[in-house]
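Could you walk me through this protein chain, one question at a time? I would like each answer to show how it was reached.

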Amino acid sequence: MGLRRKNKSPAVLSHEFVIRNHADIVSCLVMCLLLGLMFEDSAKYTIIFIAVQYNVTYTTDDNSEQFHFYDSGPKDIATVFFYMLIAFNLHAVIQEYILNKINRCLHLSKTKHSKFNESGQLAFFYLFSFIWGASILNAEEFIMNPTSWKDYPHSHMLFQVKFFYICQIVYWLHALPELYFQKIQKEDIPRQLCYICLYIVHISGAYILNLQHLGLILMVPHYLVEHIFHASRLFYFSGENKQKGFTIWALLFIMVRLLTLTLSVLAFGFGLARIENPCFPITDGNFNVFPVRIGCLGAVCLTQAWMMWKFINFQWKKWRKHVKNQISKKKIATTKNKQTKKEPNRVTDLKWENSDRTPLIFFQVRLMFSKDANCVPWGKMLDCQLDFVVDCTILFGAGVGGKKSSQLICLLK
């Protein structure tokens with residue numbers, strides 16, 4: 001019996017060890033933080049990482065009802081760190097128990113495998129974020145009142161709004177080290193790094209500048225469009241050649257870009273300009289000054305222009321590829337038509353003494369057999385496609401002195 005080869009485990013704390021076991025390492029850190037809640041001395045520090053901070057409670061004049069709101073502050077960094085660890089675990093669970101099992105069934109190439117994993121992770125996140133954000137918009141009636149600049153600054157947030165923004169920042173921050181853990185190809189890193197940084201800058205900017213209402217209204221339709229795109233990509237990689245999803249995505253993509261530009265111009269150019277703050281009191285959370293508004297509007301417009309430029313280039317390349325395929329198909333069809341027109345002439349060019357002499361073997365190389373000038377041919381028909389066509393006629397008959405002879409007539413195509 002042959003000895004079984006055991007896979008050598010990588011050295012402790014090596015690159016391969018960290019990549020393989022990063023989810024387990026992160027789980028240990030989460031458990032250590034949760035254990036800190038069991039002791040009174042450490043609980044007051046551990047709670048900063050786990051619970052949402054800066055709770056502000058307001059009561060009515062008659063103390064009959066209380067309202068709980070949340071502000072933003074530096075302690076949110078600790079909360080973001082803790083939930084980043086949770087995001088690593090969720091990412092590993094989706095990758096291991098869902099995407100990897102599907103990949104084993106599809107047998108994708110290395111490039112498609114990486115893109116399939118990327119689209120799979122993003123499709124889950126975009127769908128979850130869209131449903132969560134739409135429920136907040138519906139509960140807070142933001143859709144019925146799209147004037148996001150009303151009652152600015154929105155420094156006091158509800159729990160759902162603040163936790164939504166923290167989770168958004170957490171996910172896109174955790175996506176940066178995932179480029180290393182998932183062994184992303186070098187040619188794909190700049191593209192992914194670009195859109196990850198754009199998400200971090202825009203979402204963090206809306207959270208810090210107290211533009212949560214405007215950011216939430218713009219994020220929800222954007223996430224819907226991105227979910228449709230990545231879901232269509234998953235179906236494309238799975239082998240179903242359906243383009244309806246990409247067509248819907250293309251139409252909605254343009255509409256959402258126009259919606260984003262319109263709302264941004266209305267908010268920064270008209271709405272906030274009417275209630276401009278003459279000074280710059282950072283402590284009050286009011287950032288409604290001209291430089292900040294121009295900077296935010298310029299960032300949004302440049303981002304939308306860049307996205308439209310990428311979209312137009314993508315559609316242009318796709319259209320050119322489609323045109324080339326159509327031209328090549330037409331050329332193949334015309335050559336096949338010419339072949340079918342010429343083939344009957346080549347058969348009739350062969351002169352036989354008897355009219356019952358028909359081709360016996362047709363193998364894209366046409367072979368015809370007979371024993372002598374008066375016998376009936378024998379054989380059977382075969383059909384196959386080859387890269388070249390040769391029409392051959394082999395004649396067997398009795399020669400001089402009773403000896404058998406043969407003749408081979410070939411017509412090259």
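This is a predicted model: local features need pLDDT of at least 70, side-chain atom pairs count only at pLDDT 80 or more; totals for chains, interfaces and linings use all residues.

Q: How many helices and strands does the protein chain have?
A: Helices (H or I, at least four residues) and strands (E, at least two) are DSSP runs, numbered from the N terminus. Counted in that way, the protein chain has nine helices and six strands.

Q: What percentage of the residues of the protein chain count as buried?
A: Buried means under 20% relative accessible area, exposed means over 50%, and partly exposed is in between (1.4 Å probe, protein chains only). Of the 413 residues, the share that counts as buried is 37%.

Q: Among contacts between residues at least 6 apart in sequence, what percentage join residues at least 24 apart?
A: Contact here means heavy atoms within 4.5 Å. Among the contacts in the protein chain that join residues at least 6 apart in sequence, the share joining residues at least 24 apart is 63%.

Q: Are helices α6 and α7 roughly parallel or roughly antiparallel?
A: Axes are lines fitted to C-alpha atoms, for helices over the stretch in contact, and angles run from 0 to 180 degrees between N-to-C directions. Angles under 35 degrees count as roughly parallel, over 145 as roughly antiparallel, 65 to 115 as roughly perpendicular and the rest as oblique. Helix α6 (residues 189–208) and helix α7 (residues 212–237) pack at about 150 degrees, with their axes 8 Å apart. The two helices are therefore roughly antiparallel.

Q: Which residues make the contact of α6 with α7, and how do they divide by class?
A: The contact is made by Y199, I203, A206 and Y207 of α6 and by Q212, G215, M219, H222, Y223 and E226 of α7. Ala, Val, Leu, Ile, Met, Phe, Trp, Tyr, Cys and Pro count as nonpolar, Asp, Glu, Lys and Arg as charged, and the others, Gly among them, as polar. By class, the contact has six nonpolar, three polar and one charged residues.

Q: Is the crossing of α1 and α3 left-handed or right-handed?
A: Helix α1 (residues 15–35) and α3 pack at an angle of about 140 degrees, with their axes 9 Å apart. That makes α1 oblique to α3. A crossing is left-handed if the near helix is turned anticlockwise from the far one by less than a right angle, and right-handed if clockwise. For α1 and α3, the crossing is left-handed.

Q: Which residues of α1 does N89 touch?
A: N89 is found in helix α3, and at 18% relative accessibility it counts as buried. N89 is also among the α3 residues that meet α1. Not counting residues up to four places away in sequence, N89 touches A23, V26, S27 and V30.

Q: Is the crossing of α3 and α5 left-handed or right-handed?
A: These helices pack at an angle of about 55 degrees, with their axes 8 Å apart. That makes α3 oblique to α5. The crossing of α3 and α5 is right-handed.

Q: Which side chains make polar contacts with the side chain of Q95?
A: Q95 lies in helix α3 (residues 76–106) and is buried, with a relative accessible area of 8%. A polar contact is a pair of N or O atoms within 3.5 Å; within protein, one must be able to donate a hydrogen and the other to accept it, and residues adjacent in sequence count only if both atoms are side-chain atoms. At 2.9 Å the partner of Q95 is N100, and at 3.3 Å the partner is Q121.

Q: Is N210 buried or exposed?
A: N210 is found in the loop between α6 and α7. Its phi is near 60 degrees, a positive value in a residue other than glycine. At 4% relative accessibility, N210 counts as buried.

How values were computed:
Residues are numbered from 1 along each chain as its sequence is written. Side-chain values use heavy atoms; hydrogens and water are left out.
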